[in-house]
Amino acid sequence: MEKKSSDIWNHFSVINNEKAKCLYCSNSISYKGGSTTNLTKHLKRKQYVQHEAKKIPRLEMVEQNLDEHEPDEPNEKRPQTSQPQILSYQPSATTNINTKKTRPLQTRVDSYITKPISLNKQKILDEQRTVSKSLLPQLLNETKERVKNNLNNAQFLAFTTDGWTSINNDSFVAVTVHFIDTRECVLKSFLLGCFNFEKSHSSNNLSVFLNDCFNEWNISEKIKVAVTDNAANITAAIKMNKNWLHIPCLAHTINLIAQAGLEEINHVYKKVNKVVKFFKRSTQSYKKLKNAPTQMGYPELKLIKDVTTR
């Protein structure tokens with residue numbers, strides 16, 4: 001039979017003019033027309049280790065598989081056999097194997113260990129800790145002392161308070177004091193705080209909360225007037241302290257009058273509110289509505305949605 005010159009035949013034996021047998025897995029592979037493409041693909045796919053090992057110099061392969069109990073003498077020559085020798089080969093870290101496809105490497109153990117942060121990042125973190133742990137508390141204390149010094153110049157104080165709920169459904173109550181500075185003869189206002197109020201907004205709880213707030217600032221004896229909305233709970237809380245005069249908020253009172261007046265035209269109000277809601281929900285419709293006045297030569301107008309509390 002004609003001798004095959006390609007190196008691929010070191011891994012296959014000829015069965016006939018169309019098929020060859022793999023020396024590693026004994027499968028029959030077609031090589032019609034003398035093409036060795038199928039043989040090469042099979043070798044790369046099924047016998048990857050042996051195929052890559054063939055590319056390494058034979059001396060290096062032999063050295064990697066030396067028997068530890070029977071070391072070879074220097075310069076000893078090993079006999080060559082007619083059949084290719086199948087060696088257990090694992091590429092070392094220094095071996096350079098150029099292949100189109102490489103197998104993924106196993107994840108190293110140290111990749112799961114947190115590496116030390118860089119000096120630049122550590123500096124940024126230190127600065128942030130300095131601001132939050134040192135500078136901000138220091139600034140807060142300085143601001144409190146300045147407010148207390150100003151409150152010492154007040155003979156009488158009035159306060160306003162209101163509650164609101166955040167988008168996260170957290171309840172807050174803000175307290176602001178107003179007074180005329182006796183030294184400078186000017187009106188001054190200071191926000192004493194916007195406090196997270198977790199208790200129920202009962203009149204008793206609100207009364208205790210307000211008194212605790214004023215005691216903390218040492219101004220309980222100076223409080224004379226309270227301005228709040230007309231809600232029943234805060235109104236009752238103010239009346240619990242006999243030294244406080246309650247004045248309803250003028251803006252809130254006007255709002256209540258306006259809401260009562262709208263009841264007379266409630267059928268019109270509902271239709272207008274429905275129209276506004278429609279254009280607020282549809283982006284395309286709202287865009288056409290905005291362009292309509294401009295096309296007719298009128299100034300652009302914006303829709304205003306009714307808010308009961310305002």
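**Reading a predicted model, feature by feature**

Colleague: Where in the chain is Glu221 found?

Modeller: Glu221 sits in the loop between helix H5 (203-216) and strand E7 (223-228), where helices (H or I, at least four residues) and strands (E, at least two) are DSSP runs numbered from the N terminus. The C-alpha atom of Glu221 is 9.1 Å from that of Leu157, although the two residues are 64 apart along the chain.

Colleague: How should I read the sheet, and in what order do its strands stand?

Modeller: Strands of a sheet pair through backbone hydrogen bonds, either parallel or antiparallel. Here 5 strands make an open sheet in the order E6-E5-E4-E7-E8, with mixed pairing, and two strands count as paired if DSSP finds at least two bridges between them. Strand E6 (186-196) and strand E8 (245-248) are at the edges, and each has a single partner strand, so one side of each has no neighbour in the sheet. E7 and E8 run parallel and are joined by 4 bridges, and one of the bridge pairs is Ala226 with His246 in E8.

Colleague: Which residues does Lys188 meet in salt bridges?

Modeller: A salt bridge is a side-chain nitrogen of Lys or Arg within 4 Å of a carboxyl oxygen of Asp or Glu, and the structure holds 3 of them. Lys188 forms one with Asp181, with the closest N and O atoms 2.9 Å apart, and another with Glu184, where that distance is 3.4 Å. Lys188 counts as buried because its relative accessibility is 14%, and Asp181 is buried too.

Colleague: What does the salt bridge between Glu300 and Lys290 tie together?

Modeller: The side chains of Glu300 and Lys290 meet at 3.6 Å, N to O. Lys290 lies in helix H9 and Glu300 in the segment after H9, so the pair ties together parts that are 10 residues apart in sequence. Glu300 is partly exposed, with a relative accessible area of 44%, and Lys290 is partly exposed as well, at 30%.

Methods:
Residues numbered from 1 in each chain as written. Predicted model: local features only at pLDDT ≥ 70, side-chain atom pairs only at ≥ 80, totals over all residues. Heavy atoms only, no water. Buried < 20%, exposed > 50% of the residue type's maximum accessible area, 1.4 Å probe, protein only.
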